[in-house]
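Let's walk through this structure together, one piece at a time. Have a look at the sequence and the model before we start.

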Amino acid sequence: MKMPKRVRRYCPTCKKHTLQTVIQNKSGRKRGAMTMGQRRHERRGGIRGYGGFPKPKPEKSSRHRIKTSKKIDIRFECNECKKKNTYKSTFRAKKFEIVKIGV
Ligand SMILES: [Zn+2]
């Protein structure tokens with residue numbers, strides 16, 4: 001999906017349509033690489049019976065594949081009041097880019 005860098009959109013602060021810049025929130029909060037269960041699993045020696053956890057990740061090509069698209073987190077910055085507004089509904093897309101269109 002492609003998104004123009006600047007859009008005319010309603011700003012709840014200005015209570016009118018203003019020119020807003022699209023900002024993509026790239027880095028979300030990073031979680032640790034290992035979950036609590038995984039750490040416990042490792043401490044117990046790993047291979048002392050398979051307790052069903054952690055489950056092996058399904059392969060991308062398999063029938064029960066994990067989602068290939070990602071939720072996109074974008075924000076709109078109002079050029080007049082410089083407030084950032086979030087998008088009402090998040091949506092999914094495999095690819096997302098902000099394209100520059102001369103405004
Ligand atoms: Zn505004």
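C78 is buried in this predicted model, because its relative accessibility comes out at 0% and anything under 20% counts as buried. C11 gets the same label: its relative accessible area is 0%, so C11 is buried too.

What do C11 and C78 coordinate, together with C14 and C81? They hold the zinc ion, each through its SG atom, at 2.2 to 2.4 Å. Now check the geometry: the 4 donor atoms subtend angles of 101 to 116° around the zinc ion, and the arrangement is tetrahedral because four donors qualify if all angles lie between 85 and 135 degrees.

Along the chain, the donors of the zinc ion follow the spacing C-x2-C-x63-C-x2-C. That links distant parts of the chain: C11 sits in strand β2 (residues 6–11) and C78 in strand β5 (residues 74–78), 67 residues apart.

So where do those strands go? β2 and β5 belong to an open sheet of 4 strands, in the order β2-β3-β5-β6, with antiparallel pairing. At the edges you'll find β2 and β6 (84–86), each with a single partner strand, so one side of each has no neighbour in the sheet. From one strand to the next, the twist averages 45°.

Strands of a sheet pair through backbone hydrogen bonds, either parallel or antiparallel. Here β2 and strand β3 (residues 16–24) run antiparallel and are joined by 6 bridges. Which residue in β3 does C11 stand opposite? Look across from C11 and you'll see K16.

Note on methods:
Residues are numbered from 1 along each chain as its sequence is written. This is a predicted model: local features need pLDDT of at least 70, side-chain atom pairs count only at pLDDT 80 or more; totals for chains, interfaces and linings use all residues. Side-chain values use heavy atoms; hydrogens and water are left out. Donors are N, O and S atoms within 2.8 Å of the metal (3.2 Å for Na, K and Ca); water is not among the atoms, so sites may look incomplete. Four donors count as tetrahedral if all angles lie between 85 and 135 degrees; four count as square planar and six as octahedral if opposite donors are over 155 degrees apart and all others between 65 and 115; anything else is irregular. Helices (H or I, at least four residues) and strands (E, at least two) are DSSP runs, numbered from the N terminus. Buried means under 20% relative accessible area, exposed over 50%, partly exposed in between (1.4 Å probe, protein chains only). Two strands pair if DSSP finds at least two bridges between them. Axes are lines fitted to C-alpha atoms, for helices over the stretch in contact, and angles run from 0 to 180 degrees between N-to-C directions.
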